[in-house]
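Me: I would like to walk through this structure, one question at a time. Please show it first.

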Amino acid sequence: MIIQYFFSFDDGLDLNYDVHVNRRFSIHADYSHAPEWTRLTNNQCKNCPLDKKVYSHCPAALDLDKVIQDVQKISALTKVNVRVITAEREYVKRVTLEEGVRALMGLIMATSACPVFCDLKPNARTHLPFASREESILRLASVYLMKQYFMWREGGVPDWELKGLIKEHAELQLVNHAFWQRVMAAFKSDANSKALLSFFTVSASISTSLDSQLAKMKTVFFSSVE
Amino acid sequence: MIIEYFFDFDEAKQLHFKVDLDRQFDFKQNLADAPEWTKLENNQCANCPLKKTVFSHCPAALDLDKVIGDFQQIPAITKVKVTVITPEREYAKRVTLEEGVRALMGLIMATSACPIFNTLKPNARHHLPFASREESVLRSASLYLLSQYLLAQEGGEPDWELKGLIKTNEQLQLVNHAFWQRTMTAFQSDANSKALLGFFTLSSNMSASLQSQLVKMKNVFYSS
């Protein structure tokens, strides 16, 4: 499955990206020319489970490098037309570069070989670009419950209380924060850092207040009753 | 919340529809001129809970009437570019008219005053036009589980086995079938009836074999 992103700027600049959702990471590839900031030991996440002896570089950073380099000189507030093409349909929105980059980075990170971002893989399969806060949280919680359902059907112990989801996001919060520092140390770049910071905000608000976030969405389900 | 649909045909014809998701049914409207096929007792669904004394017409049929009229002369396989605009984003796809009409009709029916279609309202709030079979089943099941979670949070008895979802789809199956008959008797129209038949197939599948439909989607969660 390939998802394509097209950024069309008003000044005629076009940037295109193909994200292979099922891509594999090779530890044996030659990373001698990979930029310094992608090294695993550079601002490595506290909870990173990767072994330095096996992974010389951070797989998520390697995957993000091109996007970050491409947009680092462009202001976060620049308006841009973003088109996202999946097998099922096309999504279009005129957004700030920050919002466009956030959608693309989210997809790339969730499908990278990072074992922490990996929790988000099921969400990447049903990628929804430019998701609002409500859409993000609703999707995270409902997809997590679906996973529990499958586990339960196979004889496992399901977590219907979303405790694991909160834990996952506490982990993601650490990774998002460290990742933001990693990028800032290398680039001090506007659109990139704002986009990455907003991931940190989402994971932080899920790990600290998922219940109240979800309670706000009751109207989605029970509005017809009122 | 308003969702807009634009149908752009190759011969430069354009059709435009606005769907207000929060619209309320107007009991006082004058339905004297409403077409025959929208009358409640015309092919009324076997499980229709509406009282004939209160509802002279089927609310879903009244809402669909404008759309059906616009499409009935055009073959179902006509290619058309459909653009859907929601507050969050724009969706586009070049599809057969049947597929485009299905997306629009699904949204209209789910937000109509029909008490059976109403069970789909949460899905309409997160409308996904041109959904594949996998997307539809996955979304229905996962949103249903989330509604059970919220129910449990309020002290209710959650249904983790999706029994309620299967029941809902049995009801939807009856309605989709009767609704298809209702339009067939009135129009014998290609794009409309094929689109409606698509709903019947989906609800039949979900009530008859939800479990095995879902099993096929396990790879979404365990592919890594």
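**Helices, sheet and interface**

Me: Which residues of α6(B) does α2(B) meet?
Reply: Contact here requires C-beta atoms, placed from the backbone, within 7 Å. Helices are DSSP runs of H or I with at least four residues, strands are E runs with at least two, and both are numbered from the N terminus. On the α2(B) side stand B:Leu97, B:Glu98, B:Val101, B:Arg102, B:Met105 and B:Gly106. Their partners in α6(B) are B:Ala191, B:Asn192, B:Lys194, B:Ala195, B:Leu196, B:Gly198 and B:Phe199.

Me: How many charged residues does the contact of α2(B) with α6(B) have?
Reply: Ala, Val, Leu, Ile, Met, Phe, Trp, Tyr, Cys and Pro count as nonpolar, Asp, Glu, Lys and Arg as charged, and the others, Gly among them, as polar. The contact of α2(B) with α6(B) has seven nonpolar and three polar residues. Its charged residues number three.

Me: What pLDDT do local features need?
Reply: Residues are numbered from 1 along each chain as its sequence is written, while chains are lettered from A and ligands numbered from 1 in the order in which they are written. This is a predicted model: totals for chains, interfaces and linings use all residues, side-chain atom pairs count only at pLDDT 80 or more, and local features need pLDDT of at least 70.

Me: Why are α2(B) and α6(B) oblique to each other?
Reply: Angles under 35 degrees count as roughly parallel, over 145 as roughly antiparallel, 65 to 115 as roughly perpendicular and the rest as oblique. Angles run from 0 to 180 degrees between N-to-C directions, with axes fitted to C-alpha atoms, for helices over the stretch in contact. The axes of helix α2 (residues 97-110) and helix α6 (residues 190-215) of chain B come within 8 Å and cross at roughly 60 degrees. α2(B) and α6(B) are therefore oblique.

Me: At what angle do the two α4 helices pack?
Reply: Helix α4 spans residues 133-153 in chain A and in chain B. The axes lie 8 Å apart. α4(A) and α4(B) are therefore roughly perpendicular. The angle is about 95 degrees.

Me: How many nonpolar residues are in the contact of α4(A) with α4(B)?
Reply: Among the residues that make the contact are A:Leu138, A:Met146, B:Leu138 and B:Leu146. No charged residue takes part, and two are polar. The nonpolar residues number 12.

Me: Which residue stands opposite A:Arg83?
Reply: Strand β3 (residues 79-85) and strand β4 (residues 90-96) of chain A pair in the antiparallel sense over seven bridges. In β4(A), the residue opposite A:Arg83 is A:Val92.

Me: Which element gives the most to the side of chain A that touches chain B?
Reply: 34 residues of chain A are in contact with 31 residues of chain B. Elements giving two or more residues to that side of chain A are β4, α3 (121-125), α4 and α7 (218-222). The most, 11 residues, comes from α4(A).

Note on methods. Contact = placed C-beta atoms within 7 Å. Pairing = 2+ DSSP bridges.
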